[in-house]
Each structure stands twice: as C-alpha cells, then as structure tokens.
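Please look through the structure shown here before reading the notes on its aromatic rings and its surface charge.

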Amino acid sequence: MEETLFSLSIEELVANEMSAGIGNDIVVSSQLTKFIDILNFPLRINAFVFFVCTKGSINVTINLKEWNVVQNTYVASLPENVIGLNCLSDDFEGVVILFSLEYLRKISVDLKNVLPYYTYVRNNPCFTVSDEKVSTITRFYDLLYDSLIDEKSKRRDDIIKGLVISIISKIADDVDGISLTGTSFQIKSKEYYFLCFIDLLLKHFRKEHHVGFYADKLALSPKYLSSIIRKTSGSSAPQWINDYIVVEAKTLLKSSDMNINQIADYLYFPNPSFFSKYFKQHTGLTPKEYRSK
C-alpha cells in the first residue's frame, strides 16, 4: 500500500518511446496526441509537467477540474496533482517537458525561489502568453530535445542542466509578466516552512491526516505551523491536508475499481464509516453517491 495508485514515472514515459529523456529525470515530447492513450483517465505523474499548446486545442483535467487549453496557452502541473488528457482537436500541436523533483534538486535549482509561483500555479495551472513567448520557449524545447538525443556529446549533462535551468527561469519570467514579481526568502522564514510543509504533505498525506505530525517534523508547534501556512497561502494547514485527501479519494472513486472499504484502508481511515462521514463533510456527498454520479 506504500505505492501511489494511478501514478506514472518519467522512466515509464521514456520507455514508451514517444519521447526523449534521461532515466527518471527528464522527458520531452512533441507527440502529445500519443499521450492521450496513457493519460486518458486522471492519474498522478511524479514530476513537474509543463506543456504549451502551439496550435488547436486540448481538454485537460487537473485535480478533477477541466480546462480547455487553446493556442498560446501554458499548462503547468505540480507533482502532487492528478492530471488527465481528455480530448484534442484534429489540428492540435504542442510540446511537453517533465522534470522530476529529484533532478531539480540534483542540479541545484533553488526550490525556495519557486515558492512564490507555487500557489499561483496550483490555482491557475493554465495561462495564456504572447506569440513571442511561445516562440522562445519552443526554441528552448528544440535545443533541449537535440541535446537529449545527442549521446556523443562529452558535455551533454552540463548542456542539459543549463537548458533546464534556463527553461524554468523563462517560465517563471513569463509568469512574472502576468501576475507576480520575482521574490526570494530566507531559510527559517514562513515561506521556507510552507515549502517544507508541502514537501512533507506530498509524501505523507495518505497516512498522516493531522497537523501535529507535520509540526513535529518541522520542530514547530501545531498552532504556529497553522499560523504560518495561513499567512503564506491564505488557507489553513488542515485545509491543505483535507484538499489532498479529498482529491485522492475522488480520483479513486472515479477511476478505480477499488471498493469503498479498500479506499478507506488505502487512505488510512480507521474504518469505512469514518471515511464516509469525512468525505460527505467535505464534498456534500457520500462516497457511494459520488461514485454513482
């Protein structure tokens, strides 16, 4: 029960030979039409997913919410998201890039600097940009793809590292132009603790449902951690925990053949009755009612 259901790794995508990539670190592809067969129901991809629609349209689901993505639209999905590709137009064109969190840490991308974009992208995974910005990001994509398939290069890893950092910086710069200004924060600041909380939440939310667990891991009191999370994100720590659990439960009810007892067990509820009451409290429906709809 430790493995996440409906998860897909970068390595599995690379193995499908629809893309270029490195192990479980990076994958890029311009064949999103073929990904429909793999991602035609919501699942979790263990990576940061970024793609841009350059022509036509595609309908995607992120955390069970549908988005109609049209030309010149960026889509950014975080590792904890549940994502699915539903349908696309006959003239659709686009490119996709996936980075594992481990790879970004390995190449020393300062994840603290990504935090100002975290809550924005989580709530607004799709955003439209100019032709010029799309042209620039697709040129970066072409360079990255060429470097990934160039196995003769002696400096391939360094080139790829530089391109990945450039792509992330370019995406952040484009988001800056929409709603944000680049910011940074200090170790042990409230933003730092928020990022640490999210990292722990992604790893433990199925089993650990209470703020106290996360507070202990961060050597903070539950009250202080809750205050930090609310001030940083606008939502309380329990709301974050509940949101993760409910999205996971909805996905299992919608897309799996697990029965309600099995889902309750998978999400570490003490019994199915407790799970049903919890689910109805947060959705207005019992698990059985949600599944039947």
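A residue counts as buried when its relative accessible area is under 20%, and as exposed when that area is over 50%. By this cut-off, Phe 205 and Tyr 244 are both buried. The model is a predicted one.

**Aromatic pairs**

- A pair of aromatic rings is described by how far apart the centres are and by the angle of the planes.
- Across the whole structure, a search finds 13 aromatic pairs.
- One of them joins Tyr 74 and Phe 127, with 5.7 Å from centre to centre and 75 degrees between the planes, an edge-to-face pair.
- Tyr 74 belongs to strand β8 (residues 73-77) and Phe 127 to strand β11 (residues 126-128), so this pair ties together parts that are 53 residues apart in sequence.
- Tyr 74 is buried, because its relative accessible area is 0%; Phe 127 is buried as well, at 5%.
- Phe 205 and Tyr 244 have ring centres 5.4 Å apart and planes at 75 degrees, so they also form an edge-to-face pair.
- Phe 205 sits in the loop between α7 (190-204) and α8 (211-217), while Tyr 244 is in helix α10 (residues 237-255), so the pair ties together parts that are 39 residues apart in sequence.

**Aromatic cluster**

- Phe 269, Phe 274, Phe 275, Tyr 278, Phe 279 and Tyr 290 are linked into a cluster by ring pairs.

**Surface charge**

- Asp 142, Asp 146, Asp 150 and Glu 151 form a negative surface patch.
- Glu 151 lies in the loop between α5 (131-149) and α6 (156-176).
- Glu 151 counts as exposed because its relative accessibility is 69%.

Notes. Residues numbered from 1 in each chain as written. Predicted model: local features only at pLDDT ≥ 70, side-chain atom pairs only at ≥ 80, totals over all residues. Heavy atoms only, no water. Patch = residues over 30% accessible without salt bridge, like charges linked within 9 Å, V, L, I, M, F, W, Y side chains within 5 Å. Areas by Shrake-Rupley, 256 points an atom, 1.4 Å probe, with all protein chains shown as cover. Salt bridge = Lys/Arg side-chain N within 4 Å of Asp/Glu carboxyl O. Lys, Arg positive; Asp, Glu negative; His and termini not counted. Charge placed at Lys NZ, Arg CZ, Asp CG, Glu CD. Helix = DSSP H or I, 4+ residues; strand = E, 2+ residues; numbered from the N terminus. Buried < 20%, exposed > 50% of the residue type's maximum accessible area, 1.4 Å probe, protein only. Phe/Tyr/Trp six-rings, centres within 6.5 Å; stacked < 30°, edge-to-face > 60°.
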